[in-house]
Amino acid sequence: MKFKKALFTTSIAGALAFGAISPALAHDSLDDSGAVKGERGVFSNDEIKNLSDAYLEGSKNVSTLTESAAKQIKELNGVQNNTADVYAHKGYAYVGTHTANGGNGGVRVFDLQDPNNPEEVAVFAHDDVPGTWQEKVIVKSVNTPEFKGDLAVVSVQQRNRTREDTSGGFLLYDVTDPTNPEKLGFWEVYDRTAGTHELYLSAKNGKAYVYTANPYADYYSHGEQRDFQIVDVTDPKNPETVWQFDPRTLPEVSEDFDGYNWASPDGKTRPVFNHSVVTDDNGDYAFVSMWDLGTIIFDVKDPENPKYLGRTDFASEQQGSAHSATLAKGGNILIETREVYNPTKPGYEESYGYTRIFDIKDKTNPKLLSEFKTDLTDNVEDGVTFGNTVHDPKVHGNTLYLSHYAGGVYMVDISNPSEPKQIGQYKPDQADVWGVFVDRNYVLASDMGQGLKVLTRGKGGAPTTDN
């Protein structure tokens, strides 16, 4: 495999001036906060058994949730990695890994046939690209002329973006048999950026596309590549970039924008980069989390010719930090989470990150309906920490599930999106919950230090095979 494909000499020289090491932080790694994730360390299975019982309470439709299992991922080559995001497909959980003990922990596959005893049955994407970590994985059933089966896309990020034997982007695997994943292809982004942080897979009408978030690709490449790129993976062995978004096409972004420092209309210089992207269920619209530029909405019915529709914005006193998004109410409601880990940044409100809910029936004009804060949001005396900020959102029916690091998982009734109400919380002892995934019969959480958590409804039971 060939790595380090240079764009042009002046770009590399300029990139080196920004510093050689890419902090594996998965937030705004160009700020000066010094914030680092994984604050609570990594536990072995034996140590997890000695922790106190998890806190779990709920009402309404989450009142019957119980913790069925807590399972640390296996050591790999004598190394205990830590977990990142979690996804589920057809009764299997796919758990990404973060950077503890050198990274390259790959994706762990758990059989959830017995929710009380999930079994780790495979690992993949761990030995393809050295010096990287594999945080995000999306799995979908795909049917194209070149591939029919279950396709996994895995984000790949470099720990040191100047190493000559490594690169970032995403890997594609055939997981039709989850116990025997088979590598299909690798897509590389500009090699002096860390890689693809988050991504999403959408398939329809015999085509498949990966929507990528490549933080600072625009900045480090001096505009040669962009943070948001769409890649055709109809043939997973030959991924091809078909479109990139240039923020300078927006009237509020000047032509001399450097790819990161944005002179916003409120007079402040704000950070802008693509952190995450999702699409709606039909793959018609993409929602791109561009930090202080807000959540940008595109019509991607033709993924090779997207149309900009609109974006969310922020009050002048709010740190933007648009981190992730999800949809509710048939795609008419947008949930936006904001990862604010420095609550005392000069010129802004004293607050950690919280959730905002928008009406997007008119996608050209998102309307803010409400904001939801947890009990941790205003604990500013805790200083710079990820523990108190919201992270990722997921929706099932009228319930919003929020992963929240030290807060675990919060459950919020959004029957009335203008008045969200907390109805439950799951918090492991010494929680450091990165991701959450919701299906009809279970809720999965990935704790950075403790691995996979499985919550089931009532007395448990076999998980659904629908996604």
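A: Before the pockets, one term: a pocket is an open set of grid points with protein on both sides within 12 Å along at least five of seven lines. Please keep in mind that this is a predicted model.

Q: OK, what volume does the second largest pocket have?
A: The second largest pocket has a volume of about 310 Å³, and of the 20 residues that line it, the closest to its centre are Asp28, Asp31, Pro271, Gln319 and Lys345.

Q: Which strand gives the most to that lining?
A: That is strand β17, residues 269–271, with 3 residues, while by class the lining of the second largest pocket divides into 6 nonpolar, 7 polar and 7 charged residues.

Q: And the largest pocket, what's its volume?
A: The volume of the largest pocket is about 1300 Å³, and among its 47 lining residues Lys140, Tyr200, Asp281, Thr326 and Val395 are the closest to its centre. The largest share of that lining, 6 residues, comes from β12.

Q: Switching topic, is Asp359 buried or exposed?
A: Asp359 counts as buried because its relative accessibility is 17%, and buried means under 20%. Asp359 sits in strand β24, which covers residues 355–359, and its side chain makes a polar contact with the side chain of Lys361 at 2.6 Å.

Terms used. Residues numbered from 1 in each chain as written. Predicted model: local features only at pLDDT ≥ 70, side-chain atom pairs only at ≥ 80, totals over all residues. Heavy atoms only, no water. Helix = DSSP H or I, 4+ residues; strand = E, 2+ residues; numbered from the N terminus. Buried < 20%, exposed > 50% of the residue type's maximum accessible area, 1.4 Å probe, protein only. Polar contact = N/O pair within 3.5 Å; in protein donor to acceptor, adjacent residues only side chain to side chain. 1 Å grid on protein atoms, 1.4 Å probe; cavity = no way out; pocket = protein on both sides within 12 Å on 5 of 7 lines; lining within 4 Å. Points joined across faces, edges and corners; volume = space filled by probe spheres on them. Nonpolar A, V, L, I, M, F, W, Y, C, P; charged D, E, K, R; others polar.
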